[in-house]
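Here's a quick briefing for anyone meeting this structure for the first time. Have a look at it, then read on for the main points.

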Amino acid sequence: MKQPNAVQLKEVGPRDGLQNEKAIITTENKIELINRLSDTGLDYIEVSSFVHPKWIPQLADAVDVLKGIDRKPGITYAALVPNLKGLERALDADIDEVSVFMSASEGHNKENINKTIAETFPVLREVVQAARAAGKTVRGYISTVVACPYDGYTEPSQVKYVANHLFDMGVQEISLGDTIGVAVPTQVERLLDELLKHYKPEHLAMHFHDTHGTAISNIVASLPYGITRFDSAIGGLGGCPYAKGASGNVATEDVLYLFDTMGIETGVDMQKLLHASQFMEQQMKRPLTSKQMAVFRGEQL
């Protein structure tokens with residue numbers, strides 16, 4: 001199988017993980033988590049969201065977190081930004097990269113953003129253009145790229161339609177999200193077969209949730225296509241509030257084990273990552289779901 005020499009892990013646990021957890025983690029412990037992640041060798045950490053606290057109370061302290069962390073050179077500290085008001089707060093916190101988000105399916109977009117896809121484009125265009133004018137890089141998330149809990153299967157052509165609009169706005173990278181964690185490798189291949197007719201692999205990242213335990217196999221299926229950027233969350237934190245039964249993101253430790261064992265370079269230290277997950281288990285007051293944490297605890301030998 002064709003595989004790259006190196007890949008980039010993009011840690012989304014402090015944002016995409018914690019925003020979907022019922023427990024509210026203190027600002028101090030969020031800062032501690034991000035500082036621990038900064039010591040692992042990760043070079044990209046999505047730290048919070050500037051969505052209105054009414055909608056995501058778990059991340060209401062985004063500005064305090066951004067201003068409290070110890071920033072390390074060479075690490076991109078990113079945050080999710082839904083509109084110009086959120087962008088103003090994000091710029092005040094001196095975020096490195098702005099992330100915008102929408103869905104490929106109408107049903108999920110309406111539930112998640114309370115707008116149709118067509119209504120979402122002009123809102124995001126304002127954010128992207130203002131962020132680029134402020135000298136920030138911009139990443140776009142497309143959710144439900146394989147299936148939607150409301151609309152069913154998502155055609156690759158629909159994902160391409162949304163991606164075209166985001167790239168036209170000035171987004172520099174798109175993360176393709178299997179938001180409800182139902183994808184299997186053949187569906188990932190069908191999606192990438194279509195998208196890579198139009199875009200370069202270095203402009204795409206994959207974002208898999210692990211509801212049915214297929215996230216790792218989907219990552220492996222992405223490698224021959226030249227995809228080298230993968231989102232993951234420490235401990236497998238997260239889920240989707242608008243998709244009943246959807247489990248968390250694929251665990252960073254499990255993805256790291258895959259790449260370490262395949263001989264693919266990541267620059268990330270497994271032991272430091274496991275200790276960061278252990279810290280989060282203590283804050284969550286429950287075991288996290290990653291397979292490597294189970295091994296670390298001695299539950300699987």
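Which residues point one way from β9, and which the other way? L204, M206 and F208 point one way, A205 and H207 the other way, and all are buried. Before going further, note that this is a predicted model, where local features need pLDDT of at least 70 and side-chain atom pairs count only at pLDDT 80 or more, while totals for chains, interfaces and linings use all residues. Residues are numbered from 1 along each chain as its sequence is written, and side-chain values use heavy atoms, with hydrogens and water left out.

**The whole chain**

- The chain holds twelve helices and ten strands; these are DSSP runs numbered from the N terminus, with helices being H or I of at least four residues and strands being E of at least two.
- Its radius of gyration is 18 Å, close to the 19 Å that the globule rule gives for 301 residues, so the chain is as compact as a globular protein of that length. (That radius is taken over C-alpha atoms, and the rule is 2.2 Å times the number of residues to the power 0.38.)
- Along the principal axes, the C-alpha trace spans about 50 × 45 × 35 Å.
- Of the 301 residues, 57% count as buried. (Buried means under 20% relative accessible area, exposed means over 50%, and partly exposed is in between, using a 1.4 Å probe and protein chains only.)
- Take the contacts between residues at least 6 apart in sequence: 73% of them join residues at least 24 apart. (A contact means heavy atoms within 4.5 Å.)

**Around β9**

- Five of the five residues of β9 are buried, so this strand is largely enclosed by the rest of the structure.
- On one side, β9 runs parallel to strand β8 (residues 173–178), joined by five bridges; two strands pair if DSSP finds at least two bridges between them.
- I174 has L204 in β9 as its bridge partner.
- Strand β10 (residues 229–232) also runs parallel to β9, with two bridges joining them, and M206 has F230 in β10 as its bridge partner.
- β8, α8 and β9 form a right-handed β-α-β unit. (Right-handed means that, with the strands pointing away from the viewer, the path from the first strand over the helix to the second runs clockwise.)
- β9, helix α9 (residues 215–222) and β10 make a right-handed β-α-β unit too.

**Around β4**

- Strand β4 (residues 97–103) is mostly covered, with seven of its seven residues buried.
- E97, S99, F101 and S103 point one way from β4, while V98, V100 and M102 point the other way.
- In a regular strand, side chains alternate between the two faces of the sheet.
- β4 pairs with strand β3 (residues 76–80) in the parallel sense over three bridges, and L80 stands opposite S99 in β4.
- Seven bridges join β4 to strand β5 (residues 137–143), and the two run parallel; here E97 stands opposite T137 in β5.
- β3, helix α4 (residues 84–92) and β4 make up a right-handed β-α-β unit.

**Aromatic rings**

- A search of the whole structure turns up three aromatic pairs. (Rings of Phe, Tyr and Trp, the last by its six-membered ring, pair if their centres lie within 6.5 Å; planes under 30 degrees apart count as stacked, over 60 as edge-to-face and the rest as tilted.)
- One of them is F121 with Y161: the ring centres are 5.9 Å apart and the planes at 70°, so the pair is edge-to-face.
- This pair links distant parts of the chain, with F121 in helix α6 (residues 117–133) and Y161 in helix α7 (residues 156–169), 40 residues apart.
- F121 counts as buried at 7% relative accessibility, whereas Y161 is partly exposed at 36%.
- Another is F167 with Y199, whose ring centres are 5.0 Å apart with planes at 50°, so the pair is tilted.
- F167 lies in helix α7 and Y199 in the loop between α8 (185–195) and β9 (204–208), so the pair ties together parts 32 residues apart in sequence. Both residues, F167 and Y199, are buried.

**Charges over rings**

- K10 lies over the face of Y44, at 4.3 Å from the ring centre. (A charge sits over a ring if NZ of Lys or CZ of Arg is within 6 Å of the ring centre and within 35 degrees of the ring normal.)
- R15 lies over the face of Y141, at 5.2 Å from the ring centre.
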